[in-house]
Amino acid sequence: MIGHPEDDTGDALARLERELARLKTGLELLGVKACSCCRNLFRATEPGNLFDAGELVCFTCIRHWWPERSRALAAQDRELIEHKLVHWLLNHHGAKVVRDHEKLPPDDGRGIRLVAACEECDGKGTWAGSKCHFCGGTGALCLVIPNPEAA
Ligand SMILES: [Zn+2]
Ligand SMILES: [Zn+2]
């Protein structure tokens with residue numbers, strides 16, 4: 001006997017779901033993971049591809065993701081992720097620290113800019129009683145990452 005058409009559809013869906021779950025496991029075994037924003041797949045073994053902040057975010061999505069995410073975080077969490085993000089951008093994406101904020105290149109709206117509390121002086125601007133050399137006494141670091149497509 002042939003089953004009801006609805007049952008066939010249900011079976012096919014269940015099969016498809018199992019197939020997808022297998023594919024997902026396979027991709028994870030290969031070290032391929034998805035960006036939580038755009039769902040694009042990246043090789044997670046390349047540390048510059050995805051930023052891990054509990055959720056994975058690709059470089060393209062960072063500039064939209066961080067301003068929103070940072071607003072939703074408690075101050076302590078924000079600082080932790082901010083420092084991690086600063087290191088990630090410095091190490092993997094050629095970010096430059098601009099200590100003198102007046103020397104910032106004009107914003108072309110495409111590169112990424114990020115102002116983070118200075119890690120050395122904890123955003124205070126002073127270190128052991130004198131001006132912090134890392135941030136120049138401002139307590140803030142400004143990070144500029146050139147637009148990769150323009151480079
Ligand atoms: Zn993305
Ligand atoms: Zn400092």
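Start by selecting Val97, which sits in strand S5 (strands are DSSP runs of E with at least two residues, helices are runs of H or I with at least four, and both are numbered from the N terminus). You are looking at a predicted model, where local features need pLDDT of at least 70 and side-chain atom pairs count only at pLDDT 80 or more, while totals for chains, interfaces and linings use all residues. Residues are numbered from 1 along each chain as its sequence is written, and chains are lettered from A and ligands numbered from 1 in the order in which they are written.

**Stop 1: around Val97**

Is Val97 buried, exposed or partly exposed? Val97 counts as partly exposed because 15 C-beta neighbours fall inside 10 Å. The cut-offs here are 20 or more other C-beta atoms within 10 Å for buried, 12 or fewer for exposed, and partly exposed in between, with C-beta atoms placed from the backbone.

**Stop 2**

Next, show S5, S9 and S6 together. They form an open sheet in the order S5-S9-S6, with antiparallel pairing; strands pair if DSSP finds at least two bridges between them. Strands S5 (96-98) and S6 (112-117) are at the edges with a single partner strand each, so one side of each has no neighbour in the sheet. The twist averages 30 degrees from one strand to the next, using axes fitted as lines to C-alpha atoms and angles from 0 to 180 degrees between N-to-C directions.

Zoom in on the pairings:
- S5 and S9 are joined by three bridges, and Lys96 stands opposite Val144 in S9.
- S6 and S9 (residues 140-145) are joined by six bridges.
- Opposite Leu143 in S9 is Leu114, and opposite Leu141 in S9 is Ala116.

**Stop 3: helix H3**

Select H3 (75-92). This helix has 18 residues and reaches 25 Å from its first C-alpha to its last, close to the 26 Å expected at 1.5 Å a residue (the expected span is 1.5 Å times one less than the number of residues). Which residues of H3 are buried? They are Glu82, Leu85, Trp88 and Leu89. These residues lie on the same side of H3 because they cover an arc of only 130 degrees around the axis, taken from the directions from the helix axis to the C-beta atoms. Their cover includes S3, H2, S6 and S9. Turn to the face away from the buried side and you find the exposed residues Gln76, His87 and Asn91. Just after H3, look for Gly94, with a positive phi of about 60 degrees.

**Stop 4: the cores**

Finally, select Cys35, Leu50, Phe51, Ala53, Val57, Cys58, Ile62, Trp65, Leu85, Trp88, Leu89 and Ala95, the twelve residues of the largest nonpolar core. A nonpolar core is a set of buried Ala, Val, Leu, Ile, Met, Phe, Trp, Tyr and Cys residues joined through C-beta atoms within 7 Å. S3 (50-52), S4 (56-58), H2 (59-72) and H3 each supply at least two residues of this core, and H3 gives the most, with three. Apart from this core lies another, of six residues, among them Ala116, Cys132, Cys135 and Leu141.

Note on methods: Two residues are in contact if their C-beta atoms, placed from the backbone, lie within 7 Å.
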